[in-house]
Amino acid sequence: VQASEHGAPATQSKSSPNKLFPPLKMNKSKATPPKKTELIEPAFMAQIPSTSVTLKWNIINNVENYHLQVATDATFKWLTVDEQFLKRPSYDLSKLESGKTYYWRVAGVKNSNDPMYIKGPFETSSFEVK
């Protein structure tokens with residue numbers, strides 16, 4: 001782009017960037033993140049009487065796998081489980097410590113989606129081991 005005699009930029013040349021790079025068409029089926037799941041059990045703030053439990057959540061249609069995280073803190077900094085490729089809506093958790101509270105969350109994942117829309121939102125809950 002050349003400046004005109006008054007120092008203002010000249011108008012765009014004939015080869016506009018929009019002609020060289022047309023806008024991408026969005027594939028709606030790949031640009032919709034998976035829906036949020038519903039955690040089934042254990043119930044929120046449940047008292048677990050043993051050192052093992054089966055975590056269960058609802059199936060999300062059209063997801064390829066689930067991302068499960070279990071932590072000993074509400075911010076999920078101290079993960080005890082970080083499974084990113086679970087195929088079924090449940091997970092057997094063992095070796096839990098009595099007297100501790102555990103926090104868990106699950107998100108649906110559709111790897112065939114566009115990168116920004118691969119993972120759905122996490123649904124979070126917690127339980128305490130007696």
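Predicted model: local features only at pLDDT ≥ 70, side-chain atom pairs only at ≥ 80, totals over all residues.
**Entry 1: the whole chain**

I looked up the burial next. Of the 130 residues of the protein chain, 32% count as buried. I then listed the secondary structure and found 1 helix and 8 strands. Going along the sequence, I read the pattern as α-β-β-β-β-β-β-β-β. I also checked how far contacts reach along the chain. Taking contacts between residues at least 6 apart in sequence, I found that 62% join residues at least 24 apart.

**Entry 2: the sheet**

In which order do the strands of the open sheet lie? I wrote down β2-β8-β7-β4-β5, which makes 5 strands with mixed pairing. The edge strands are β2 (46-48) and β5 (79-86), and each of them pairs on one side only. From one strand to the next, the twist averages 25°.

I zoomed in on one pairing in this sheet. Strand β4 covers residues 65-71 and strand β7 covers residues 101-109. The two run antiparallel, and 7 bridges join them. As a handy place to look, I marked A71, which stands opposite Y103 in β7.

**Entry 3: aromatic rings**

A pair of aromatic rings is described by the distance of the centres and the angle of the planes. I used a cut-off of 6.5 Å between ring centres. By this rule I count 3 aromatic pairs.

How are the rings of W57 and Y66 arranged? Their centres are 5.7 Å apart and their planes stand at 70°, so I logged the pair as edge-to-face. Both W57 and Y66 are buried.

The rings of W57 and W104 have their centres 6.4 Å apart and their planes at 50°, so this pair goes down as tilted. W57 lies in strand β3 (residues 53-57) and W104 lies in strand β7, so the pair ties together parts that are 47 residues apart in sequence.

W57 is buried, with a relative accessible area of 2%. W104 is buried too, at 0%. Putting the residues together, I have W57, Y66 and W104 in one aromatic cluster.

**Entry 4: R105 and two phenylalanines**

Which rings does R105 lie over? I found F76, where R105 is over the face at 4.0 Å from the ring centre. I also found F122, where R105 is again over the face, this time at 4.3 Å from the ring centre.

Most residues other than glycine have a negative phi, and most peptide bonds are trans.

Is the peptide bond from E41 to P42 cis or trans? I have it as cis, with omega near 0°. P42 lies in the loop between β1 (39-41) and β2.

M45 is found in the loop between β1 and β2 as well. I read a positive phi of about 60° for M45, although M45 is not a glycine. M45 is partly exposed, with a relative accessible area of 42%.

F76 turned up again here. Its phi is near 60°, a positive value in a residue other than glycine. F76 lies in the loop between β4 and β5. Is F76 buried or exposed? I find F76 buried, with a relative accessible area of 8%. This is the F76 whose ring face has R105 over it.

**Entry 5: V63**

My last stop was V63, in the loop between β3 and β4. At 18% relative accessibility, V63 counts as buried, because the cut-off for buried is under 20%.

What does V63 touch, once residues up to four places away in sequence are left out? I listed P34, G108 and V109. I followed up on G108: V63 and G108 are 45 residues apart in sequence, yet 5.9 Å apart in space, C-alpha to C-alpha.

Note on methods: Residues numbered from 1 in each chain as written. Heavy atoms only, no water. Pairing = 2+ DSSP bridges. Helix = DSSP H or I, 4+ residues; strand = E, 2+ residues; numbered from the N terminus. Axes fitted to C-alpha atoms, helices over the stretch in contact; angles between N-to-C directions. Phe/Tyr/Trp six-rings, centres within 6.5 Å; stacked < 30°, edge-to-face > 60°. Buried < 20%, exposed > 50% of the residue type's maximum accessible area, 1.4 Å probe, protein only. Lys NZ or Arg CZ within 6 Å of the ring centre and 35° of its normal. Contact = heavy atoms within 4.5 Å.
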